[in-house]
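Subject: Structure handover

Hi,

Here is the structure for you to look through. My notes follow below it.

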Amino acid sequence: MNTGKVDVLLGLQWGDEGKGKVVDVLTPKYDVVARFQGGPNAGHTLEFEGQKYVLRSIPSGIFQGGKVNIIGNGVVLAPDLFMQEAKDLEKSGHDLKSRLHISKKAHLIMPTHRVLDAAIEASKGKNKVGTTGKGIGPTYTDKVSRTGLRVGDILENFQEKYEAHKALHLKQIASLGYTDFDITEVEKTWMEGIEYLKQFPIVDSEVEINKVLRSGKNILCEGAQGTMLDVDFGSYPFVTSSNTICAGACIGLGIGPNRIGNVYGIMKAYCTRVGAGPFPTELFDETGAKIRDLGHEYGAVTGRERRCGWCDLVQLKYSVMVNGVTELIMMKSDVLDGFDTIKACVAYKLKDGSVTTDFPYEIDDVEPVYKEFKGWKTDMTQFTSEDQFPQEFKDYIAFLEDFLETRIGIISIGPDREQTIVRK
């Protein structure tokens with residue numbers, strides 16, 4: 001029987017690795033692109049033909065004419081934000097209504113979820129997780145405690161269901177002593193978003209996806225955030241509320257594990273993190289500031305400054321392992337073009353003085369052990385082939401491949417779709 005294949009593309013660090021651009025480069029090879037987890041807290045930025053787009057809930061394959069894009073059951077959806085995003089794309093000439101399919105089993109982010117998000121963060125004081133305030137956590141909490149509202153619920157008696165859920169949330173908010181909110185306007189737009197959602201194909205996505213596979217077509221699964229934000233394997237509790245790793249594609253789309261083919265792991269040539277939480281290789285000096293400025297490291301959705309540091313190979317090796325990565329994709333290599341010395345963390349020194357290359361349970365107090373490389377000091381942004389790479393850069397790549405025991409198949413040397421080198 002001729003079956004299609006499912007490849008997965010995901011971030012290996014703390015998110016913001018540049019997934020949007022890569023999905024856009026890879027999608028021509030696939031018939032369907034599907035998002036399997038996360039919500040509008042993830043911003044995937046794509047630049048081409050002089051235009052810049054930030055996608056939050058819509059899969060990045062939407063710009064490839066005629067392909068079906070699926071928002072899977074593992075995603076949490078905010079109807080108002082979705083409507084705004086989709087209308088912006090429609091304005092730029094992209095017809096979405098026929099080719100963007102939405103899972104009935106995806107959970108809805110209600111206006112009161114956002115209020116709950118703010119109330120819970122406020123109640124934590126100095127122990128804040130640093131959420132994006134988009135209501136993601138409370139929505140996944142409702143999903144797990146079996147009190148969630150799903151996209152399929154909008155098809156009948158929705159108002160009743162909505163009011164019951166809202167009443168429950170208002171009780172929780174009151175119990176946290178949080179009073180500083182008014183959702184009147186937001187709620188109006190949110191309800192418009194619900195009506196707008198009804199114009200899209202609302203489907204049993206797991207059935208649709210498996211039919212696509214049986215017909216011999218190929219699917220690319222797009223992850224949001226990054227491996228180190230996975231609720232099980234990330235730097236808990238400073239994580240997101242979903243499974244961002246490869247296994248999340250099976251759960252977030254209803255695909256059997258034996259269907260997964262290639263796992264593309266995306267990494268930056270350095271490392272960044274947004275919000276609170278441990279970050280072993282973080283730089284607090286001029287080098288960190290220089291990386292931030294050269295790499296334009298500010299959040300696509302929030303505008304927050306990203307924390308910057310050297311590449312952490314202990315963490316990356318762990319990510320390669322838990323995801324079963326078959327090929328690496330390295331982004332933003334050009335940001336390091338001007339440095340005299342490049343560093344990479346190859347081990348952690350623990351509190352007791354011992355040194356490990358395994359990723360430990362706690363990374364709060366680890367000290368990075370660095371290997372230094374001579375910088376390539378070459379502007380690579382105009383290069384079109386790997387043959388043009390300077391020897392120092394080739395040495396750096398060879399070391400990374402050797403340490404991570406995984407091939408680097410694609411190297412990005414700038415934000416544009418064209419600035420992508422596929423290695424032989």
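Domain bounds here come from an automatic or database domain assignment. On that basis the protein is divided into domain 1 (6–104 + 202–264), domain 2 (107–198) and domain 3 (266–422). Contact means heavy atoms within 4.5 Å. Between domain 1 and domain 3, the contact takes 38 residues from domain 1 and 41 residues from domain 3. The centres of these two domains, taken over C-alpha atoms, are separated by 24 Å.

This is a predicted model, in which local features need pLDDT of at least 70, side-chain atom pairs count only at pLDDT 80 or more, and totals for chains, interfaces and linings use all residues. Residues are numbered from 1 along each chain as its sequence is written, and side-chain values use heavy atoms, with hydrogens and water left out.

Now the second largest pocket. A pocket is an open set of points on a 1 Å grid over the protein atoms alone, where a 1.4 Å probe fits, with protein on both sides within 12 Å along at least five of seven lines; lining residues have an atom within 4 Å of a point. Its volume is about 320 Å³ (the space filled by probe spheres set on the points, which are joined across faces, edges and corners). The lining has 15 residues, with Gly234, Ser235, Tyr236, Tyr361 and Glu362 nearest the centre. Domain 1 and domain 3 each give at least three residues to this lining.

Next, the annotated sites. UniProt positions are in the numbering used here, feature names are shortened, and annotations may be inferred rather than shown by experiment. An unreviewed UniProt entry gives "binding site" for Asp16 and Gly43.

Asp16 sits in the loop between β1 (6–11) and α1 (19–26). Helices (H or I, at least four residues) and strands (E, at least two) are DSSP runs, numbered from the N terminus. Beyond four places away in sequence, Asp16 touches Lys268, Thr272, Val274 and Arg306.

Buried means under 20% relative accessible area, exposed over 50%, partly exposed in between (1.4 Å probe, protein chains only). Asp16 is partly exposed, at 27%. Gly303 and Arg306 both lie in the loop between α9 (286–294) and β13 (307–309). Gly303 is partly exposed at 46%, whereas Arg306 is buried at 7%.

Thr112 is buried, with a relative accessible area of 0%.

Best wishes
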